[in-house]
Amino acid sequence: MKEPQIIVIGNGMVGYKFCEKLRSKSSSFNLIVFGEEPRRAYDRVHLSEYFNGKTAEDLSLSTENWYQEQNITLFLNNPVTKINRDLKKVYTANGLDYSYDILVFATGSGAFVPNIPGIEKEGVFVYRTIEDLDLISSYAKKAKTASVIGGGLLGLEAAKALIDLGIEKTSIIEFAPRLMPRQIDAAGSDMLKSKLADLGLQIHLNKNTTGIEGDGRITALKFSDDTALDVDMLVISAGIKPRDELAKACGIEVGPRGGIVVDEKMQTNDPAVFAIGECALYDGMIYGLIAPGYEMAEVLAANLCKGDKTFTGFDMSTKLKLIGIDVASFGDNFITEPDCRTIIFENKHKGIYKRINVSNDGQYLLGGILIGDATAYNLLLQTSNNKIVLPEDPAELILGARGGSESAGGAGITGLPDTALICSCEGVSKGDICSAVADVSCENIDDLKKCTKAGTGCGGCLPMVKDLMTHTLKSQGKYIKNVMCEHFNYSRQELFDLIHIHELKSYDEVLDALGKNDGCEVCKPLVSSLLASLWNEMILKKGNDVAQDSNDRFLANIQKGGSYSVVPRVPGGEITPDKLIVIGEVAKKYNLYTKITGGQRIDMFGAHLNDLPIIWEELIAAGFESGHAYGKGLRTVKSCVGSTWCRFGLHDSVSFAIRIEERYRGIRAPHKFKSAVSGCIRECAEAQSKDFGIIATEKGWNLYVCGNGGSKPQHALLLATDLDSETCIKYIDRFLMFYIRTADPLTRTATWLNKMEGGIDYLRNVIINDSLGMAAQWENEIENLIASYKCEWKEAVENPAIRKRFSHFVNAPEDKDPTIEFVEMRGQKRTAEWKTV
Amino acid sequence: MNEQSNWLAACRVEDAIENGGVCVKHGEDQIALFYFTRRNEWYATQNECPHKKQMALSRGMIGSTTGEPKVACPFHKKTFSLSTGECLSGDECAIKTYPVKVENGTVYIGTTPKS
């Protein structure tokens, strides 16, 4: 089937964002983009930084290969000139035509140029594209005086640019009685004006420009009040005009004052044609900010991928730094008494003006304006958007609490709900940011930006994003960074997530991507353990053999003297006479010392490295598999004999132990872990001394966690009671994944719990009530590990390259290490004592 | 650097273990040979760890600390410099190190210790 073809007209910020969002949701469209500018989409919001040394490439939103990588056909310098909606075709400036199934206008807006006599003269510019900036910049070299028509947001930016370009006298001409008439009130404008004047900008308000004088090139401006102003150049920034001419020409409905009319799905009157960004007119309004444009892109991209999103208008709150001066407005900024109560703070000495509009009952913040100091903007915006109940004296919001506490704004960021929208450009909520910090370990702003995209639009939310990050880190007690060694500046938990995200599969890949230098005996086994916990691949492959701890490297425990021990798995401690005989025969044949272990299996000691593969070949042939006695993972699940034989037994503890041992065998963890199942309260399997232990009750199983023997014995704690087998296993799944993901290296479950804030109650909440919302993911992850289980020894003996490594001498592969010595004791051999040092 | 007259043909390059060690038999002696692929360097030391006299260094993990190449004994993680033989953890005595050269794909160990 042919994929539907989408043509996007316009390669500005919103057009680009649409492509990005669409591709992140689906690759099943042919996507073609036509841009009239000669370069890839760039950041127009920060355009004036072009004058501060940023290059066009710095401002670019994508990398050079991005379109190709995303399989998007991009035409630059090639505007669409005509559309035939009956044929569903677009015609371009280079004479070609392309068919579309879906057509998207992302044509943006152009500068609105008022019809002033003389506007065509040399030295008159608009401030819209990088090309405009290049023209302004080269003309400014010979100009001493300049004016900007338009005292709005963009006009002030333009004036700043002119100052930066070295113009001695720059003025701003505004038709309205105040600056930034859409954002700020008269008092705010006065404050801003006096601050701008301090910087050498002349501000002319209430000025209607009626003519541009000069012989071919501009020399002066004439105004309706018969005054005039000599200028060498002029930048027009009197507003924007939606680029709707193409749409209009092909019969798409446009608004009386411009703009392509769209509904809440961004659809025009032609069902195959859509419009997004500043060219779109929704509900009689053009949204001339980046955030709503991105939201429109999201709505359209989602709906094309069978989503059901609608655009229902947008919060037009803004905060920006104009020429070093904070200017912000939010919510209902112009509402006045008696519809609200207004609180105003003014400090002419410092040039600060703050106004907040509070509901008449004093409960809620409706909106406000901030000049000179907008540090409280984000919090105020959130307080207003989320209808957070105000403190008793709302003035504290702009003055700070006078009790000396920092609690201005209710409970501050901690009081915000998780759904609070922090980055409106990218639609990132507080919950998204906090979980990126907590769960994905984004611990600096750059990581957080990459991970969540928060702060990558206008950047206004960055201070709050930073606060949230700091706060989340603090709440996790993460200030002391627990780095592994000199080669990795990460904690185990961070590395776990990073390896996962980057899908790294070998130690060298991890070191190259995340670490430095050559690694060491600390980070190598740790990273190997993470790789095993994540991917469960054969641990000796991909050059990972040399990154394994010595026991893992040879899949056996090295013993005093340099020989190895062999421990096959005996699940639940149950073994047939035939298998016992095989163990006996193998032990005799290879002269091995045998002993019953504490975990109900049989250990064979004294094997030469060279003999390991052949020993295992024989054991595997008899139906044994690796017991992982050498690995940091599940050791044994002990059991008592249970209800099948015992007169006290309540349930079949052996069957359950076997089921559990076979479920978790081979899974690597921060440390070894052990388990046991007892068939009744007499607890013969000693389950309460295990990392997780299970004891039969009349009604089911009691589950205990985080016990261990060892040098500091600790009893396991009761996690849940009277569980059925399935629930019991589900809880163990979650428990193990939580442990694997979060424990420090070489930390047993008991120590892990001891360090956990909130202790067993917190753990219970996480495991049983799924308080972190991770249960489903963990269950899924452990299922993957279980499904990918293979006996390592079987793989090792069948792989010639791996098998070759089981010899002592590289230049005499048949020879065993002659220095290994055994002596006799009680009819068996034992290793010789450490040689005297 | 002392003059080497006795070069032992230890193994082919492809028989050595990348970023790890192998043990080379030299009469009654055992020499650990390390192919530090990451640094494109070869090292040879005695195979016996002086701590508990175990023939084990060739099975140890290699790495570096502040740029110094090292090997960690698999028994008790004592570490030794691969370039000087000096013990980097605790006060075990130094290990012997040997010169290594590669010619036509064969790895040679100079059997007179460097120090």
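Guide: Angles between axes here run from 0 to 180 degrees and are taken between N-to-C directions, a convention to keep in mind while we look at this predicted model.

Visitor: At what angle does helix 20 of chain A run to strand 33 of chain A, and which strands does this helix lie across?

Guide: Helix 20, residues 653-664, lies across strand 33, strand 34 and strand 35 (692-696) of chain A, and runs at about 175° to strand 33.

Visitor: What makes strand 33 of chain A an edge strand?

Guide: Five strands of chain A form an open sheet with mixed pairing, in the order 33-34-35-36-37, and strand 33 (634-639), like strand 37 (717-723), pairs on one side only. Averaged over the sheet and ignoring direction, neighbouring strands are turned by 15° against each other.

Visitor: Why is Cys684(A) called partly exposed?

Guide: A residue is buried with 20 or more other C-beta atoms within 10 Å and exposed with 12 or fewer; Cys684(A) has 18 such neighbours, so it counts as partly exposed. Cys684(A) sits in the loop between strand 34 and strand 35 of chain A and, beyond residues up to four places away in sequence, touches Cys640(A) and Ser678(A). An unreviewed UniProt entry lists Cys684(A) under "binding site".

Visitor: Why does Asn799(A) count as partly exposed?

Guide: Asn799(A) has 14 other C-beta atoms within 10 Å, and because this count falls between the limits of 12 and 20, Asn799(A) is partly exposed. Asn799(A) belongs to the loop between helix 25 (792-798) and helix 26 (800-803) of chain A, and its C-alpha atom is separated by 9.9 Å from that of Lys541(A), 258 residues apart along the chain.

Visitor: What makes strand 29 and strand 31 of chain A the edges of their sheet?

Guide: The open sheet has four strands in the order 29-30-32-31 (chain A), paired antiparallel. Strand 29 (557-558) and strand 31 (593-596) each have a single partner strand, so one side of each is left without a neighbour in the sheet. Two bridges join strand 29 to strand 30 (residues 564-566), and since at least two are required, these strands pair; Ile558(A) has Tyr564(A) as its bridge partner in strand 30.

Visitor: Which residues have the most contacts inside the largest nonpolar core?

Guide: That core has 85 residues, and those with the most contacts inside it are Val527(A), Leu612(A), Val24(B), Leu33(B), Phe34(B) and Ile109(B). Helix 16 (residues 523-535) of chain A gives the most to this core, with seven residues. A second, separate core of 75 residues includes Val8(A), Ile276(A), Leu416(A) and Ala420(A).

Note on methods. Residues numbered from 1 in each chain as written. Chains lettered and ligands numbered in written order. Predicted model: local features only at pLDDT ≥ 70, side-chain atom pairs only at ≥ 80, totals over all residues. Contact = placed C-beta atoms within 7 Å. Core = buried A, V, L, I, M, F, W, Y, C linked by C-beta atoms within 7 Å. UniProt positions renumbered as here; feature names shortened; annotations may be inferred.
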